[in-house]
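Student: Got a structure here I'd like to go through quickly. Can you take me through it?

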Amino acid sequence: MSVAMARAFDHLSLFSSVSISFLLAFLSCFETCYSFKAKHVNLSRSGAHWASAGATWYGSPEGAGSDGGSCGYGNAVSQPPFSSMITGIGPSLYKLGKECGACYQVKCIKRMHGSCSGRPVRVVITDFCPGGPCAAESAHFDLSGAAFGAMAIPGEEEKLRNAGVLRIRYARVACDYSGKTIAFNVDLGSNPNSFSVVVEFEEGDGDLAGVALKETSSEGSGKWRPMQQSWGAVWKLDAAYQLKPPFSIKLISQYSRQTLVAKNVIPDTWSPGSTCRSLVNYL
(Lines give C-alpha, C1' and ligand atoms only; values in the text may rest on other atoms or scores of the structure.)
Protein backbone atom coordinates (compact mmCIF):
# COMPACT_ATOMS: atom_id res chain seq x y z
CA MET A 1 0.00 0.00 0.00
CA SER A 2 1.36 3.45 -0.86
CA VAL A 3 2.06 6.10 1.77
CA ALA A 4 -0.62 8.36 0.24
CA MET A 5 -3.24 5.61 0.40
CA ALA A 6 -2.32 4.80 4.04
CA ARG A 7 -2.72 8.45 4.97
CA ALA A 8 -6.09 8.55 3.22
CA PHE A 9 -7.30 5.57 5.28
CA ASP A 10 -6.02 7.22 8.48
CA HIS A 11 -7.95 10.44 7.65
CA LEU A 12 -11.08 8.43 6.83
CA SER A 13 -10.84 6.50 10.10
CA LEU A 14 -10.42 9.74 12.08
CA PHE A 15 -13.35 11.37 10.25
CA SER A 16 -15.59 8.36 10.94
CA SER A 17 -14.67 8.36 14.64
CA VAL A 18 -15.39 12.09 15.01
CA SER A 19 -18.63 11.78 13.05
CA ILE A 20 -19.89 8.91 15.21
CA SER A 21 -18.99 10.77 18.41
CA PHE A 22 -20.76 13.89 17.17
CA LEU A 23 -23.82 11.88 16.17
CA LEU A 24 -24.02 10.17 19.58
CA ALA A 25 -23.67 13.49 21.39
CA PHE A 26 -26.40 15.03 19.20
CA LEU A 27 -28.77 12.12 19.79
CA SER A 28 -28.12 12.27 23.53
CA CYS A 29 -28.92 16.00 23.62
CA PHE A 30 -31.98 15.50 21.42
CA GLU A 31 -33.31 12.73 23.68
CA THR A 32 -32.83 14.84 26.80
CA CYS A 33 -34.47 17.93 25.32
CA TYR A 34 -37.31 15.96 23.81
CA SER A 35 -38.04 14.14 27.07
CA PHE A 36 -38.21 17.42 28.99
CA LYS A 37 -40.49 19.08 26.47
CA ALA A 38 -42.72 16.03 26.19
CA LYS A 39 -43.40 16.19 29.93
CA HIS A 40 -44.17 19.90 29.75
CA VAL A 41 -46.67 19.67 26.92
CA ASN A 42 -48.65 16.62 28.04
CA LEU A 43 -51.73 18.71 28.74
CA SER A 44 -51.00 22.23 27.52
CA ARG A 45 -50.25 21.22 23.91
CA SER A 46 -51.72 17.75 23.43
CA GLY A 47 -55.09 17.29 21.81
CA ALA A 48 -58.18 16.55 23.88
CA HIS A 49 -59.19 12.90 24.23
CA TRP A 50 -62.96 12.79 24.61
CA ALA A 51 -64.85 10.12 26.58
CA SER A 52 -68.43 9.61 27.75
CA ALA A 53 -69.80 10.45 31.21
CA GLY A 54 -72.98 11.25 33.05
CA ALA A 55 -73.77 14.74 34.34
CA THR A 56 -76.07 16.31 36.90
CA TRP A 57 -76.03 19.68 38.66
CA TYR A 58 -76.46 20.91 42.23
CA GLY A 59 -76.91 24.11 44.21
CA SER A 60 -78.67 27.15 42.81
CA PRO A 61 -79.42 27.31 39.04
CA GLU A 62 -76.87 30.08 38.41
CA GLY A 63 -74.59 29.31 41.32
CA ALA A 64 -71.30 27.61 42.20
CA GLY A 65 -72.74 24.37 43.55
CA SER A 66 -71.73 24.78 47.20
CA ASP A 67 -69.57 27.01 49.34
CA GLY A 68 -66.16 25.48 48.79
CA GLY A 69 -66.80 21.78 48.55
CA SER A 70 -64.58 18.94 49.73
CA CYS A 71 -61.39 20.28 48.11
CA GLY A 72 -61.16 23.16 50.59
CA TYR A 73 -61.30 26.15 48.23
CA GLY A 74 -63.98 27.88 50.31
CA ASN A 75 -65.89 30.80 48.81
CA ALA A 76 -63.19 31.20 46.12
CA VAL A 77 -65.25 28.84 43.93
CA SER A 78 -67.75 31.62 43.16
CA GLN A 79 -65.06 34.24 42.49
CA PRO A 80 -62.64 34.76 39.57
CA PRO A 81 -60.86 32.86 38.20
CA PHE A 82 -63.10 29.89 39.17
CA SER A 83 -66.17 32.07 38.56
CA SER A 84 -68.60 29.25 39.50
CA MET A 85 -67.38 27.10 36.59
CA ILE A 86 -66.70 24.16 38.86
CA THR A 87 -67.72 20.55 39.36
CA GLY A 88 -68.04 17.84 41.91
CA ILE A 89 -66.76 14.52 40.62
CA GLY A 90 -67.43 10.83 41.19
CA PRO A 91 -64.96 8.52 42.99
CA SER A 92 -63.31 7.27 39.78
CA LEU A 93 -61.93 10.72 38.94
CA TYR A 94 -61.76 12.28 42.42
CA LYS A 95 -59.14 9.75 43.59
CA LEU A 96 -59.37 10.61 47.30
CA GLY A 97 -58.86 14.30 46.55
CA LYS A 98 -55.71 13.95 44.48
CA GLU A 99 -57.51 15.39 41.43
CA CYS A 100 -58.66 18.56 43.20
CA GLY A 101 -57.79 21.46 40.90
CA ALA A 102 -57.70 19.39 37.69
CA CYS A 103 -59.45 20.93 34.70
CA TYR A 104 -61.81 19.31 32.20
CA GLN A 105 -63.82 20.37 29.21
CA VAL A 106 -67.40 19.12 29.12
CA LYS A 107 -69.97 19.37 26.36
CA CYS A 108 -73.29 17.90 25.24
CA ILE A 109 -74.56 17.63 21.70
CA LYS A 110 -77.99 17.81 20.07
CA ARG A 111 -78.57 14.08 19.92
CA MET A 112 -78.15 13.97 23.70
CA HIS A 113 -80.63 16.81 24.32
CA GLY A 114 -82.28 19.39 22.07
CA SER A 115 -80.94 22.29 24.17
CA CYS A 116 -77.29 21.21 23.93
CA SER A 117 -75.03 23.69 22.15
CA GLY A 118 -72.11 21.30 21.51
CA ARG A 119 -69.80 24.04 22.78
CA PRO A 120 -67.12 22.81 25.24
CA VAL A 121 -67.04 24.40 28.69
CA ARG A 122 -63.98 24.33 30.97
CA VAL A 123 -64.60 23.34 34.61
CA VAL A 124 -62.37 22.74 37.66
CA ILE A 125 -62.73 19.91 40.16
CA THR A 126 -63.54 21.50 43.54
CA ASP A 127 -65.86 18.97 45.16
CA PHE A 128 -66.66 15.28 45.63
CA CYS A 129 -69.90 13.53 44.69
CA PRO A 130 -69.92 10.23 46.63
CA GLY A 131 -73.24 8.54 45.89
CA GLY A 132 -76.10 7.99 43.44
CA PRO A 133 -75.12 8.19 39.76
CA CYS A 134 -71.73 9.61 40.77
CA ALA A 135 -70.80 6.27 42.32
CA ALA A 136 -72.73 4.08 39.87
CA GLU A 137 -71.20 5.42 36.64
CA SER A 138 -67.63 4.96 35.47
CA ALA A 139 -67.33 8.76 35.20
CA HIS A 140 -69.78 11.36 36.47
CA PHE A 141 -69.70 15.17 36.76
CA ASP A 142 -71.96 16.87 39.31
CA LEU A 143 -71.65 20.36 37.85
CA SER A 144 -72.54 23.71 39.38
CA GLY A 145 -75.78 25.15 38.04
CA ALA A 146 -73.77 27.80 36.19
CA ALA A 147 -71.50 25.24 34.50
CA PHE A 148 -74.37 22.92 33.55
CA GLY A 149 -76.32 25.80 31.99
CA ALA A 150 -73.23 26.95 30.09
CA MET A 151 -73.47 23.81 27.91
CA ALA A 152 -76.87 24.95 26.60
CA ILE A 153 -77.90 26.98 23.59
CA PRO A 154 -78.20 30.61 24.79
CA GLY A 155 -81.67 31.12 26.24
CA GLU A 156 -82.27 27.39 26.85
CA GLU A 157 -80.24 26.95 30.04
CA GLU A 158 -83.32 26.16 32.16
CA LYS A 159 -84.52 23.52 29.70
CA LEU A 160 -81.15 21.78 29.86
CA ARG A 161 -81.07 21.91 33.66
CA ASN A 162 -84.45 20.15 33.65
CA ALA A 163 -82.98 17.20 31.73
CA GLY A 164 -82.13 15.14 34.84
CA VAL A 165 -79.09 12.90 34.31
CA LEU A 166 -77.52 13.97 31.03
CA ARG A 167 -75.00 12.12 28.86
CA ILE A 168 -72.02 14.33 28.07
CA ARG A 169 -68.53 14.15 26.60
CA TYR A 170 -65.51 15.10 28.69
CA ALA A 171 -61.76 15.57 28.18
CA ARG A 172 -58.87 16.37 30.52
CA VAL A 173 -57.28 19.71 29.58
CA ALA A 174 -54.66 22.11 30.91
CA CYS A 175 -55.80 24.70 33.43
CA ASP A 176 -55.44 28.30 32.28
CA TYR A 177 -56.01 31.15 34.71
CA SER A 178 -54.90 33.93 32.34
CA GLY A 179 -51.58 34.65 33.98
CA LYS A 180 -52.79 34.50 37.60
CA THR A 181 -50.07 33.25 39.94
CA ILE A 182 -50.38 30.39 42.44
CA ALA A 183 -51.88 31.34 45.81
CA PHE A 184 -51.44 29.70 49.22
CA ASN A 185 -54.32 30.08 51.69
CA VAL A 186 -53.08 29.35 55.20
CA ASP A 187 -55.48 26.94 56.91
CA LEU A 188 -57.31 28.26 59.97
CA GLY A 189 -55.92 25.38 62.05
CA SER A 190 -52.27 26.29 61.40
CA ASN A 191 -49.93 27.11 64.29
CA PRO A 192 -46.12 27.47 64.72
CA ASN A 193 -45.68 23.67 64.99
CA SER A 194 -48.23 22.55 62.41
CA PHE A 195 -48.60 24.38 59.11
CA SER A 196 -51.32 23.75 56.48
CA VAL A 197 -52.12 25.49 53.21
CA VAL A 198 -54.68 25.26 50.43
CA VAL A 199 -52.89 25.52 47.07
CA GLU A 200 -54.89 27.37 44.40
CA PHE A 201 -54.73 28.30 40.71
CA GLU A 202 -52.06 25.90 39.45
CA GLU A 203 -52.00 26.27 35.67
CA GLY A 204 -51.19 23.33 33.42
CA ASP A 205 -51.89 20.06 35.26
CA GLY A 206 -53.94 21.74 37.99
CA ASP A 207 -53.46 18.86 40.44
CA LEU A 208 -50.43 18.05 42.57
CA ALA A 209 -48.41 14.89 43.28
CA GLY A 210 -46.37 16.41 46.10
CA VAL A 211 -45.68 19.56 48.14
CA ALA A 212 -42.65 20.35 50.30
CA LEU A 213 -41.72 23.20 52.66
CA LYS A 214 -38.32 24.73 53.42
CA GLU A 215 -37.50 27.12 56.23
CA THR A 216 -35.26 30.00 55.27
CA SER A 217 -33.65 30.89 58.59
CA SER A 218 -33.50 28.05 61.09
CA GLU A 219 -31.55 24.97 62.04
CA GLY A 220 -33.52 23.16 59.35
CA SER A 221 -32.45 25.66 56.67
CA GLY A 222 -31.72 24.17 53.28
CA LYS A 223 -33.77 21.03 53.84
CA TRP A 224 -37.02 20.37 52.01
CA ARG A 225 -39.59 18.73 54.28
CA PRO A 226 -42.39 16.84 52.50
CA MET A 227 -45.94 17.89 53.34
CA GLN A 228 -48.78 15.39 53.52
CA GLN A 229 -52.09 15.77 51.73
CA SER A 230 -54.47 16.40 54.59
CA TRP A 231 -57.69 16.45 52.54
CA GLY A 232 -58.65 17.81 49.14
CA ALA A 233 -56.26 20.60 48.14
CA VAL A 234 -54.98 21.04 51.73
CA TRP A 235 -51.34 20.09 52.41
CA LYS A 236 -49.94 19.84 55.94
CA LEU A 237 -46.60 19.63 57.76
CA ASP A 238 -46.54 18.53 61.42
CA ALA A 239 -43.11 19.49 62.74
CA ALA A 240 -41.35 18.29 65.88
CA TYR A 241 -40.34 21.88 66.68
CA GLN A 242 -41.47 25.45 66.09
CA LEU A 243 -41.15 26.27 62.41
CA LYS A 244 -39.27 29.44 61.53
CA PRO A 245 -40.60 31.49 58.60
CA PRO A 246 -40.31 32.72 55.92
CA PHE A 247 -41.13 29.48 54.08
CA SER A 248 -40.46 28.45 50.52
CA ILE A 249 -42.86 25.91 49.02
CA LYS A 250 -42.05 23.39 46.30
CA LEU A 251 -44.80 21.90 44.12
CA ILE A 252 -44.68 18.76 41.98
CA SER A 253 -47.44 18.47 39.40
CA GLN A 254 -49.42 15.24 39.26
CA TYR A 255 -49.69 14.69 35.52
CA SER A 256 -46.32 15.80 34.15
CA ARG A 257 -44.21 15.70 37.37
CA GLN A 258 -42.88 19.22 36.84
CA THR A 259 -41.34 21.00 39.82
CA LEU A 260 -42.00 24.62 40.73
CA VAL A 261 -40.60 26.60 43.70
CA ALA A 262 -42.30 29.61 45.28
CA LYS A 263 -39.38 31.14 47.17
CA ASN A 264 -40.09 32.75 50.56
CA VAL A 265 -43.79 32.87 49.65
CA ILE A 266 -44.97 32.53 53.27
CA PRO A 267 -43.65 35.61 55.17
CA ASP A 268 -42.68 36.04 58.82
CA THR A 269 -46.02 37.74 59.41
CA TRP A 270 -48.25 34.88 58.25
CA SER A 271 -51.40 34.16 60.22
CA PRO A 272 -54.16 31.53 60.03
CA GLY A 273 -56.63 32.46 57.30
CA SER A 274 -54.21 34.69 55.40
CA THR A 275 -53.58 34.36 51.65
CA CYS A 276 -50.01 34.48 50.31
CA ARG A 277 -49.64 35.07 46.58
CA SER A 278 -46.57 33.81 44.77
CA LEU A 279 -44.80 35.16 41.69
CA VAL A 280 -44.83 31.84 39.83
CA ASN A 281 -47.04 29.42 37.92
CA TYR A 282 -46.59 26.49 35.55
CA LEU A 283 -47.52 28.17 32.26
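**Cysteines, cores and sheets**

Tutor: Cys-108 and Cys-116 are both buried, meaning under 20% relative accessible area; over 50% is exposed, and in between is partly exposed (1.4 Å probe, protein chains only). Note that this is a predicted model, where local features need pLDDT of at least 70, side-chain atom pairs count only at pLDDT 80 or more, and totals for chains, interfaces and linings use all residues. Numbering starts from 1 along each chain as its sequence is written, and side-chain values use heavy atoms, without hydrogens or water.

Student: What joins Cys-108 to Cys-116?

Tutor: A disulfide, S to S 2.2 Å. The cut-off for calling one is two cysteine sulfur atoms within 2.5 Å. The torsion about the S-S bond is -110°, a left-handed link.

Student: How many disulfides in the whole structure?

Tutor: Four. Number the bonded cysteines in sequence order and the pairing reads 1-2, 3-8, 4-5, 6-7.

Student: Where does the Cys-71 to Cys-100 link sit?

Tutor: Cys-71 is in the loop between β1 (51–58) and β2 (86–89), and Cys-100 is in the loop between α2 (91–94) and β3 (103–107), so the bond ties parts that are 29 residues apart in sequence. Helices (H or I, at least four residues) and strands (E, at least two) are DSSP runs, numbered from the N terminus. S to S is 2.0 Å for Cys-71 and Cys-100. The torsion is -80°, left-handed. Both cysteines are buried.

Student: And Cys-103 to Cys-175, which hand?

Tutor: Right-handed, because the S-S torsion is about 110°. Cys-103 is in strand β3 and Cys-175 is in the loop between β6 (166–173) and β7 (183–186), 72 residues apart. Cys-103 and Cys-175 are buried too.

Student: Switching topic. How many residues in the largest nonpolar core?

Tutor: 43. A core here is a set of buried Ala, Val, Leu, Ile, Met, Phe, Trp, Tyr and Cys residues joined through side-chain atoms within 4.5 Å. Phe-82, Val-106, Phe-141, Leu-143, Met-151 and Ile-168 have the most contacts inside this core. Each of β1, β2, α2, β3, β4 (121–128), β5 (140–144), α4 (145–149) and β6 supplies at least two of the core's residues.

Student: What does Val-106 touch?

Tutor: Leaving out residues up to four places away in sequence, Val-106 touches Arg-119, Pro-120, Val-121, Val-123, Phe-141, Leu-143, Met-151, Ile-168, Arg-169 and Tyr-170. Contact means heavy atoms within 4.5 Å.

Student: OK, sheets. Which strands close into a barrel?

Tutor: Six of them, in the order β1-β5-β2-β4-β3-β6, with mixed pairing. Two strands pair if DSSP finds at least two bridges between them. Twist averages 50° from one strand to the next. Those angles run from 0 to 180 degrees between N-to-C directions, with axes as lines fitted to C-alpha atoms (for helices, over the stretch in contact). Between β3 and β4 there are four bridges, and the two run antiparallel. Gln-105 has Arg-122 of β4 as its bridge partner.

Student: What about the open sheet, how many strands?

Tutor: Eight, ordered β13-β12-β9-β10-β11-β8-β7-β14, with antiparallel pairing. β13 (259–266) and β14 (275–277) are the edges, each pairing on one side only. Neighbouring strands in this sheet are turned by 30° on average, direction ignored. Three bridges join β9 (208–215) to β10 (225–231). Leu-213 stands opposite Arg-225 in β10.

Student: Where is Ser-84, with its positive phi?

Tutor: In the loop between β1 and β2. At 10% relative accessibility, Ser-84 counts as buried. Lys-95 has phi near 50°, and is partly exposed at 47%.

Student: Last one: what share of the 283 residues is buried?

Tutor: 43%.
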